[in-house]
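Trainee: Could we go through some of the labels used for this protein and check what each one rests on?
Mentor: Happy to, let's take them one by one.

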Amino acid sequence: MTMRVRAHRLGLASLLMTTAILSAGTATAQQTDTDGSTFLGRLIFGAGQQKVAIDTPQAVSVLDQDDIDREQAANVGQILRNVPGAQTAGSDRPLGFAFNIRGIGATEQSASEARIIVNVDGVPKFYEQYRLGSFFSDPELYRRVEVLRGPGSATLYGSGAVGGVVNFETKDAGDFIPDGGTGALRLKYGYDSNGNGQLGSLIYAARPTDGAEFLAALGYRTSDDYRDGAGDTIRGTEFEAPSALVKGTFRLNDAQTLRMSAQRFTSDADGTTLAQTGGGDPIAGAFGNVDRSVRDDTFSVDWTHEGGGWFNPRVQLAYSDTTVEQSNARNTAGDPQTCLPFASNANVFCDVTYAYRTTMLKAENTADFNGAGWQNFLTFGIQATYQDRVADSAGILGFHPEGTDRKIGVYAQSEFVIGDRLTIIPGARIDFAEREAGSGVPGGDKVTDEATALTLAALYDVTDDLSVFGSIARTERLPTLDELNSFSGTKGPALDLDKEEATNIELGLTYSRDGLFTADDNLQLKLTAFRNRINGLVSVTAPSDTVFFTNLSEAEFEGAEIEAGYDMQSVFGRLALSTVRGTDRTFDYTLATTPADTLALTLGGRLPDQGLEFGWRGTFVDDITTATRSSTTGAITETAFDGYTTQDVFVTWRPENGALDGFDVQLAVENLFDTEHRNNLSLDEGRGRTFKVALARTFTW
């Protein structure tokens, strides 16, 4: 019988068990330094002044290189499986996933990346297209991922970060070159049994002289269609995806560093399903098939000065180009689909090149002031972006109208540390925007507006072990080019759209204790409760309306997250629990973007002398019923999704002595019992049983 456990009940039991452990250890354990090997003990770079996750008055999670390697992820979305409150939406296809944080992240029509900010090495990545994903890359390029949940990050990253921020950091040469060494070469091969997926990668790192490091990485990933837990083929999921990264780091002196990087990801998927995200069933052929290729480029040059005191500037110039070429649309019988550029639906079948091309210049400084019993880190800056939205086809595309988006943002965030107990972080930002439709867009015009973000967060150390924190954040999201200028038939642009306004309140506590049971162990716990209310939510209108988008409803997302980690030399564990309730306050139904309650529990062990790490992970997903409201009739239709449990096992072997020193072997079996399942945010049924193996060898000199 399939094991199903209601996630919130199991999470409550886990919390009670954790509380009992804390109580048992309070009398005898002594607090020592935070252990960076636990998830909550890792440094956070994206929340202002560098600090460990558990001391950040915001819900944040960080994944490092070991986490990414252990996942053996076939796409970027799979590495988020242990992050509470964050997951992918749309599908498990390389071109089909978007991000969902705390219920914010659409799976129908375009991905709502306007509400979630995604950065690669500080470069903003944005893509929006009808029934396609929003972020195209390969997990093999990255060494670190930070997820900052909620709009508290809007001050530093941009107004409109209603859901939060996801920061990706690419690999560095220093990750592979040993201390005192001059170079490294890493070869890797990976195999995935479900779909015959294969990965080959090569990384070359060099340190020709003190202060200069270079890295070049090449990767190639390919897969056939994969199968779900019932053994059925998920058609249109095959792909091939080369990727490359070139990076240089130059330490000009003790304080100044210059970094340059160039990254490219490409993917070809001939005969893939046109709908890669929510909506019609692609297997049934609701939208048919299409030949599609993607090229995603990211270029960055940044200079930093870290001299201490009041002058610690960083200047970054960057360019991002995400281009999608689509052709040869046909139905499942192989007959060509008719391209009608001005039609409300048939324009998605046109041969077309879609693109977002963004140039960014950003300059910020962190000033360090201190006095008797206090310290203040003041971060302030300016960010300018110019974005060009391209739709090159036989005619103007109403679902993807061309245009430009210019923004200048000015921001400041101050972090006051008072005594040894209290941290207060106020912040403010204003973005000035000018969005202009392309020359051929009917009724299009120039729209100017500004959006603000205000945040106030505080953390207080009640004891050396226990802290409480809270925050309030308010941010405004400006309508996108698509929302302002989409048109079809009698529908024209909605140039008078109002801004969305989000107000988020968070309360939480953290607990950290070293030496709980043994001298070398560490237990950390972070509990966060939140409520995020969005007014003026932008929605698609009924066919009879004269505009395509309007401010229709109010939404509220509330819930809680628990993240806990236990680590010692021979045993480790992690718990990530999230529960979210997303409600349309106008019509009182559960929004379709609401994720089911989810618990990810990982238990493992280590044999340090043998270089072995092994473990088990269970993912428990609760039942959920969500609803949608017809823009035509106003009828509310509910959809019920069953809960499910999947179980994975993994083994890592990294010998550190003898002839095998430098080898890295990763083995895993995912969905061990071949469970049939479908996440309510996914277009497809979940992957069936999958055997994974990755072999890597690093040579250093």
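Trainee: Why is Asp482 called buried?
Mentor: Asp482 has 4% relative accessibility, and buried means under 20% relative accessible area, with exposed over 50% and partly exposed in between (1.4 Å probe, protein chains only). So Asp482 counts as buried. Bear in mind that this is a predicted model, where local features need pLDDT of at least 70, side-chain atom pairs count only at pLDDT 80 or more, and totals for chains, interfaces and linings use all residues. Residues are numbered from 1 along each chain as its sequence is written, and side-chain values use heavy atoms, leaving out hydrogens and water.

Trainee: What makes Arg389 buried?
Mentor: Its relative accessible area is 1%, so Arg389 is buried.

Trainee: Which parts does the pair tie together?
Mentor: Asp482 lies in helix H4 (residues 481–485) and Arg389 in strand E18 (residues 374–392), so parts 93 residues apart in sequence are tied together. Helices (H or I, at least four residues) and strands (E, at least two) are DSSP runs, numbered from the N terminus.

Trainee: Why is Trp701 called partly exposed?
Mentor: Trp701 has a relative accessible area of 47%, so the label is partly exposed. Trp701 lies in the segment after strand E34 (690–700).
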